[in-house]
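I opened my notebook on this structure today.

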Amino acid sequence: MRRACYRQIRAIWIPEVKVSPTCLALATLCQLLCGGVRAEAPQPASRAEVFAHAQQAGALGLALFSDPSLSASGQQSCTSCHRPDRAFGPLDAAPVQFGGIDLHQRGFRAVPSLMYLQATPQFTEHYFESEDEADESIDNGPTGGLTWDGRVDHGRDQARIPLLSPFEMANPSPAAVVDHVRHGPLGATMRAVFGDAIFNDDDRAFAAILEALETAEQNNQLFYPYSSKYDDFLAGRAQLTAQEARGLAAFNDPARGNCAHCHTSARGRDGSPPQFTDYGFIALGVPRNPAIPANENPKFHDLGLCGPERKDFTDHPAYCGLFKTPSLRNVALRQVFFHNGMFHSLKQAVAFYARRDTNPAEWYPSDSHGEVQKFDDLPAAFQANVNQEPPFGGKPGAAPSLSEADIDDIVAFLATLTDRPFAR
Ligand code: HEC
Ligand code: HEC
């Protein structure tokens, strides 16, 4: 039994091995069993005990993460949308995933990867620090937070959202979630980790579930292993191919890709590895996605920072259309790109940057007079918020800032950001 357990555990702790959701669930359960979790309420006192408690909570969190009994349908877990074998992003090319009590409901945002969120700063409207800029008196504007609009700061607050959202795991209340766990396969483990009395108080039990999920997301082997070819390259352990090196140069060049301006590619001043995001909020003017059910209503607009999910900036027109810059680590594993999953290949996503302004008809529909409806997912009043810096800009018909070859090179470079367990 023990040996089988350890084999399972190795499968998740050793990054080289691909992880299936079933294996993840099994391995975490096994780890709890093998680890001989204490049956008594832990009262962490020493550092060692605090550490042990965090480890147990994290292992429980990983098991909860892949437990479908947490959803109202009984069929959906966090891993249904955040697939461990896809860098905790979506499995397929659907712009939005199904969920809800009958698994027939759909939200309006693409599923982000859950990797490399650990350094995300708490949301702030005025951000003065910068990884790559020495001048800390510059206000970088809204920055940080989790989800596409930065509306929560901590994994525990974030986890409430899918558990209670009618188009995700669809539980009617925190008490309903607690009830699923109490009677589900992880009830005994919950008691072992958080104490026998944990289920006596629904609020405490729900907080414990959220804590476990948050702790799970801090597992560095799974969520921020820094095991990509590019990390090896920065450490002097690998060489980029000629094409990848050209791609990196175009990515960094302020006059061409200018990608690194937002998707930081160099080590931080303290030597920390690049996260490929500065956590800033930008409007890119991504085309409206007709495949999203909510968009059947022409009056519906997902405006990111200014709503509808986020409620505190609904009267800030300058924030409408702005979304958080995602990390590009493991982006090559995705089949949906941008907040509304509008594009389905990395090449298309990069080409959009290059030719949004020089070839608008390639991206946006035309009206009955043949006029291109640029920025068609934003009401006219907010279109001035759209970013115009390189690689954007250029009159229709002008030469794009990135050639076809540059685009291919950048795509090749982006593939070096795939962590080892997923690299083909
Ligand atoms: C039905 C699909 C679905 C399920 C199930 C789901 N999520 Fe998500 N998740 C999403 C989507 C879509 C977003 C982006 C939401 C937004 O921006 O408003 C997201 C965002 C997140 C984020 C923020 C990522 C970032 O880039 O800031 C975290 C963390 C997260 N989910 C964790 C979880 C956890 C934990 C669970 C299980 C309790 C879970 N998710 C279940 C679809 C899902
Ligand atoms: C001015 C800041 C900025 C610059 C410059 C920039 N990006 Fe982005 N990038 C963003 C933001 C913001 C998003 C999310 C926007 C959205 O979904 O509406 C994004 C999203 C992406 C995505 C989709 C990722 C996903 O998970 O869906 C890719 C791919 C990408 N950028 C690549 C690039 C490349 C390649 C370049 C250079 C050619 C570049 N970006 C330049 C801010 C920037």
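I began with the shell around ligand 2, where helix α12 (residues 346–355) gives the largest share, four residues. This is a predicted model, and I read it as such.

Next I looked up which residues come nearest to ligand 2. I counted 25 residues around the ligand, and Cys259, Cys262, Ile282, Phe338 and His339 come nearest.

Then I turned to a helix pair. I needed two values here, since packed helices are described by the angle between their axes and the distance between the axes. For helix α6 (residues 174–183) and helix α8 (residues 202–216), I found an angle of about 75°. Their axes are 9 Å apart. An angle of 65 to 115 degrees counts as roughly perpendicular, so α6 and α8 are roughly perpendicular to each other.

I listed the residues that meet. From α6 come Pro174, Ala175, Val177, Val178 and Val181. On the α8 side I wrote down Asp202, Ala205, Phe206 and Ile209. The contact of α6 with α8 divides into eight nonpolar residues, no polar and one charged.

Last, I checked the whole protein chain. I found 13 helices and four strands. The chain has 424 residues, and 46% of them count as buried. I also looked at contacts with a separation of 6 or more in the protein chain: residues 24 or more positions apart account for 68% of them.

Note on methods:
Residues numbered from 1 in each chain as written. Chains lettered and ligands numbered in written order. Predicted model: local features only at pLDDT ≥ 70, side-chain atom pairs only at ≥ 80, totals over all residues. Near = placed C-beta within 6 Å. Helix = DSSP H or I, 4+ residues; strand = E, 2+ residues; numbered from the N terminus. Axes fitted to C-alpha atoms, helices over the stretch in contact; angles between N-to-C directions. Parallel < 35°, antiparallel > 145°, perpendicular 65-115°, else oblique. Contact = placed C-beta atoms within 7 Å. Nonpolar A, V, L, I, M, F, W, Y, C, P; charged D, E, K, R; others polar. Buried ≥ 20, exposed ≤ 12 C-beta atoms within 10 Å, placed from the backbone.
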